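Thank you all for coming. I would like to take a few minutes to walk through one structure with you, going from the whole chain down to single residues.

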Amino acid sequence: EAGPQGRDHALPISVRSLTKTYGAFHALNDVSIDIRNGEFMTLLGPSGSGKTTLLMVLAGFVRPDNGSVKFGEREILLLPPHKRDIGMVFQNYALFPHMTVADNLAYPLKLRRVGKAEIRERVERALDLVQLGGLGDRGIEALSGGQRQRVALARAVIFEPRILLMDEPLSALDKNLREQMQFEVRALHDRLGITTVYVTHDQREALTMSDRIAVINEGRIQQVDPPRKLYERPETFFVASFIGETYRLPVEVADGKASLFGQPVRTDSPLGSNAARQTLILRPEMLHIDEGAPEADENQMTGTLRQSVFQGDSIVSYITIHGDHEIAVRSQHRSDRSLPEPGSEVRLSWLVQDTVILPGDGRT
Ligand code: ATP
């Protein structure tokens with residue numbers, strides 16, 4: 001079922017010290033990353049962070065100032081794009097609009113001088129692979145956006161490349177179709193076992209699809225980790241705030257111990273620095289309002305309830321911590337509980353294992 005492709009056919013990618021400048025501007029600033037054989041790696045970052053530039057360096061359309069890129073053992077920076085054995089998918093499909101679906105799929109095989117009978121067979125197989133069986137004779141203009149993107153995917157992999165590069169391939173699709181295609185693209189990757197580099201600025205898409213995510217900002221890689229680790233153990237303020245919501249509270253560190261407004265806070269990850277001024281990062285869904293003392297595995301802080309808002313399935317409580325830090329906590333609605341009175345003191349608990357403290361004041 002996996003056909004001639006599979007992990008044996010894929011290649012790892014090793015990027016070292018890539019730099020690309022436009023005048024004085026660093027689009028890529030000393031980028032190094034290792035992508036494993038058969039891995040689904042996503043480059044995630046805001047607009048202008050350098051994601052596309054990095055992908056275009058891998059593809060061979062942008063020449064970097066410095067650095068090295070290896071596919072397997074082979075240095076490929078001096079190879080032109082068509083000699084790099086990569087499939088590519090873009091946001092705008094880049095299909096030939098006046099050709100049929102089958103002719104679009106056959107094109108990369110014709111370029112590679114594959115025989116007619118084999119082309120016919122492989123086009124059929126590729127159509128089935130992306131659930132377009134029977135649509136080979138359709139014109140591209142008679143396809144929906146989702147179907148076009150499936151053709152683009154099939155065309156990118158039909159010649160069995162060792163690496164697949166995708167630049168925001170789903171961003172032209174509406175939300176429901178985009179979510180469905182996220183699973184389809186991932187399933188296709190899993191079936192083919194092809195090393196895949198996927199560019200998006202959509203954090204949820206990255207979390208949903210990837211084996212690992214490389215977060216990029218201002219031409220630098222901030223952190224490379226699996227989705228869950230990236231979310232639970234962000235290493236920089238940028239990563240913490242780009243993925244998910246955060247609250248930041250000032251923490252004092254002395255003798256290797258952290259305290260929050262005079263109360264001890266425990267964390268089970270080592271404090272990365274001895275800096276006196278550090279910042280506690282909390283996510284809204286980690287926090288719950290507690291009636292009693294903290295459990296052994298929890299931290300706690302007190303605050304003043306400003307207001308509770310009933311929203312049907314949930315209650316949102318707006319709480320002020322230590323005078324000027326506002327925190328909103330969502331709790332499940334229970335008909336046997338009344339809302340606490342505005343002005344009352346409330347206690348917020350969260351798990352020690354969820355406690356992330358980073359050096360600095362959190363504005364960097
Ligand atoms: P987006 O999600 O908006 O595509 P990106 O993270 O993919 O963003 P890049 O396209 O890699 O960003 O661009 C990185 C930076 O390099 C941007 O500030 C862009 O303006 C700049 N840049 C890219 N190509 C050129 C060029 N040919 N000349 C000058 N500047 C460029």
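What percentage of the 364 residues in the protein chain do buried residues make up? The figure is 35%, where a residue is called buried if 20 or more other C-beta atoms lie within 10 Å of its own, exposed if 12 or fewer, and partly exposed in between, with the C-beta atoms placed from the backbone.

Before I go on, two remarks on how to read this. What you see is a predicted model, in which local features need pLDDT of at least 70 and side-chain atom pairs count only at pLDDT 80 or more, while totals for chains, interfaces and linings use all residues. Residues are numbered from 1 along each chain as its sequence is written.

Let me begin with the overall layout. The C-alpha trace of the protein chain spans about 80 × 50 × 35 Å along its principal axes, and the chain holds eight helices and 20 strands; these are DSSP runs numbered from the N terminus, H or I of at least four residues for helices and E of at least two for strands. The domain assignment gives domain 1 (13-239) and domain 2 (247-359), with bounds that come from an automatic or database assignment, and the C-alpha centres of domain 1 and domain 2 lie 40 Å apart.

Another residue to look at is Leu18, which is found in strand β1 (residues 13-22) and counts as buried because it has 26 C-beta neighbours inside 10 Å. Leaving aside neighbours within four places in sequence, Leu18 is in contact with Leu28, Val31, Val57, Pro64, Asn66 and Gly67, contact meaning C-beta atoms, placed from the backbone, within 7 Å. Leu18 and Pro64 are 46 residues apart in sequence, yet their C-alpha atoms are 6.6 Å apart in space.

Now to the ligand, which is surrounded by Tyr22, Ala27, Gly45, Ser47, Gly48, Ser49, Gly50, Lys51, Thr52, Thr53 and His201, each with its C-beta atom, placed from the backbone, within 6 Å. Helix α1 (residues 51-59) gives the most to this shell, with three residues.

I would finish with the backbone at some loops. Arg113, which is not a glycine, has a positive phi of about 60 degrees; Arg113 lies in the loop between α2 (101-111) and α3 (116-129), and counts as exposed because it has 6 C-beta neighbours inside 10 Å. Asp255, also not a glycine, has a positive phi near 50 degrees and is placed in the loop between β11 (247-254) and β12 (257-260), where Asp255 is exposed, with 5 other C-beta atoms within 10 Å.

Technical notes
Contact = placed C-beta atoms within 7 Å.
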